[in-house]
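Here's a quick briefing for anyone opening this structure for the first time. Take a look at it below, then read on for its pockets, cavities, core and rings.

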Amino acid sequence: MKFQIRIPRFVTSTVSSATTEQKPVLDGSDVTIPNRWALPADTVALVGRPAVWSIVEIETPKIPLGFATIPSLHHKFEQDFGGHLFVIVISTDGRTANVIEAGPVNPDGSGALVPFCYPEDDFVTEHVIDFDPLIIDPPHGFTREFFADLVRRTHRAYDGNQRYLAIEIPFFRIGRDSNSYAVGVLAACGVDARSLPELRTTLRSEWTGYPGMEDPVHRANFGAYLGAPTSLGPGAAEVAYHDESGDIRFAVVGGDPFGSATLPDGTKIGLDRFGRKLFSPDDARAHGIPATHTEPPEQIAKRVRFPEIPEPAGARITLVVDGKSVPLVPGATFEGRVETRNDALNIATLKTRDGSTVVLPLAELGVELRDPKRVDTLLRVGNDVRLGLRRDRHPRLVSRGRRSLNERMGVRRFHAPQPFDIARATAATVLGLGIVAGLGASVYARFSRR
């Protein structure tokens, strides 16, 4: 009896598939496919499909037995190891969709994370999907048309200065994948992370899920930066995000969930369930916001498109120090007390010992520091902290004052140790063993002479 085993695709992935069907897109052009989902015009949606999978097919031959025949048996085993997320933006006429996704610049999966063209139309046709498109509603205050155009422009503005790393445990290593890119694009367009779905129900089961969702690409990689906030009264404030030219990208007003705020021109507005309302540049200027304009920080003004050696941790994030937008750079240290916090805007204000006022972006610091929950806990009003960045861009957030002991005794997220720390620990261990061996030999020699 002869059994036939065919393995047409074993550990197939979007990285190792036929190179003729996929390629990096480095010229700023759009990737367009038909609107296979029949979604309405100007819809923005998140789509998921397998990124790495294996298929094993076992087929037995037909076995003739006189006048009867035992038919062949065919079994197919498929396992999905990780999911790939991308964003689609439906055209104004509803016929086509712009595909916004990223992948590695090199065929072996190394190098930069760059805009990419995968054969998504073929995958949709073959029904290789994890879930049907999840529509991303425009943030409160945006029109569908403005939001769709903002997503397209954000994708085109990406600089490729971010190392690619395939499927990984969240925050275990510094590096980002296609899922980081998809979520990073939406975050740079004002989408609140709390509004994104958790993707628990999928048509196909992914062993590792979509880990890059927790580690989005920084908005600075898209040429966007945080401006200086202005108070709008008790519990409310406004802040603008700017493009690399310094123009207003959009403005956000933040306050209490389902609350209200009064704009500088006297207009009273309602806020959504997250306590936010967003404004396009034209709407912002019509209402006199933002009250303060900041020039592009250094990492935005001097950014290089698609460098040969991308940064492992991507672009530097932006702080606002005494009303000026600046990058968080190695050697910079800010120590003081958290004076204010606005969860709707996702920012906190630190008053340093030398009298400076530092605006901290909580979400991006949570990613940069590789521990969002700890950042959320420490950067609360009244806490004393010290924030810094090492030469290797490994950041540090240290609790100071009366709460520091409890914080240090608490449980923290596990991270892989830094290479320098590994080398130092190894050297110390070897040195310690050498000292112990030397002392042991000395004691043995002394007692053996007696």
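Strand β21 makes the largest contribution to the lining of the second largest pocket, with 4 residues. The model is a predicted one, where local features need pLDDT of at least 70, side-chain atom pairs count only at pLDDT 80 or more, and totals for chains, interfaces and linings use all residues. Numbering starts from 1 along each chain as its sequence is written, and side-chain values use heavy atoms, with hydrogens and water left out.

**Pockets**

- A pocket here is an open set of points on a 1 Å grid over the protein atoms alone, with protein on both sides within 12 Å along at least five of seven lines; lining residues have an atom within 4 Å of a point.
- A volume is the space filled by probe spheres set on the points, and grid points are joined across faces, edges and corners.
- The second largest pocket holds about 480 Å³ of space.
- Its lining has 28 residues, and A237, T340, R341, N342 and T349 are the ones nearest the centre.
- Two or more lining residues come from each of β13 (230-231), β21 (333-342), β22 (347-352) and β23 (357-361); helices (H or I, at least four residues) and strands (E, at least two) are DSSP runs, numbered from the N terminus.
- Sorted by class, that lining has 11 nonpolar, 10 polar and 7 charged residues; Ala, Val, Leu, Ile, Met, Phe, Trp, Tyr, Cys and Pro count as nonpolar, Asp, Glu, Lys and Arg as charged, and the others, Gly among them, as polar.
- The largest pocket has about 1,300 Å³ of space, and of the 44 residues lining it, A193, R194, P216, N346 and A363 are closest to its centre.
- For the largest pocket, α3, β15, α6 (362-368) and α7 (372-378) each give at least two lining residues, and the classes come to 27 nonpolar, 5 polar and 12 charged.

**Cavities**

- How many cavities of 30 Å³ or more does the structure hold? There are 2, a cavity being a set of points where a 1.4 Å probe fits but cannot get out.
- The largest cavity has about 40 Å³ of space, and its lining is made of D30, V31, N98, V99, I100, R152, H155 and R156.
- Strand β8 (96-100) and helix α2 (144-156) are the elements that give two or more residues to that lining.
- The second largest cavity has a volume of about 40 Å³, with I174, R176, H218, A313, V367, E368, R370 and R393 around it.

**Nonpolar core**

- The largest nonpolar core has 44 residues, and V44, V87 and V151 have the most contacts inside it.
- A core of this kind is a set of buried Ala, Val, Leu, Ile, Met, Phe, Trp, Tyr and Cys residues joined through side-chain atoms within 4.5 Å; buried means under 20% relative accessible area, exposed over 50% and partly exposed in between, with a 1.4 Å probe and protein chains only.
- Helix α3 is the biggest giver to this core, with 6 residues.

**Aromatic rings**

- You'll find 8 aromatic pairs: rings of Phe, Tyr and Trp (its six-membered ring) pair if their centres lie within 6.5 Å, and planes under 30 degrees apart count as stacked, over 60 as edge-to-face and the rest as tilted.
- F142 and F146 make an edge-to-face pair, because their planes sit at 65 degrees, with the centres 4.8 Å apart.
- Both of these Phe residues, F142 and F146, are buried.
- Y158 and Y181 are also edge-to-face, 4.9 Å centre to centre and 75 degrees between the planes.
- Y158 is in the loop between α2 and α3 (178-188) and Y181 is in helix α3, so their pair ties together parts 23 residues apart in sequence.
- Ring pairs join F142, F146, Y241 and F250 in a cluster.

**Backbone details**

- I289 and P290 are joined by a cis peptide bond, with omega about 0 degrees, and P290 belongs to the loop between α4 (281-286) and α5 (298-301).
- H127, a residue other than glycine, has a positive phi near 60 degrees, and H127 is exposed, with a relative accessible area of 52%.
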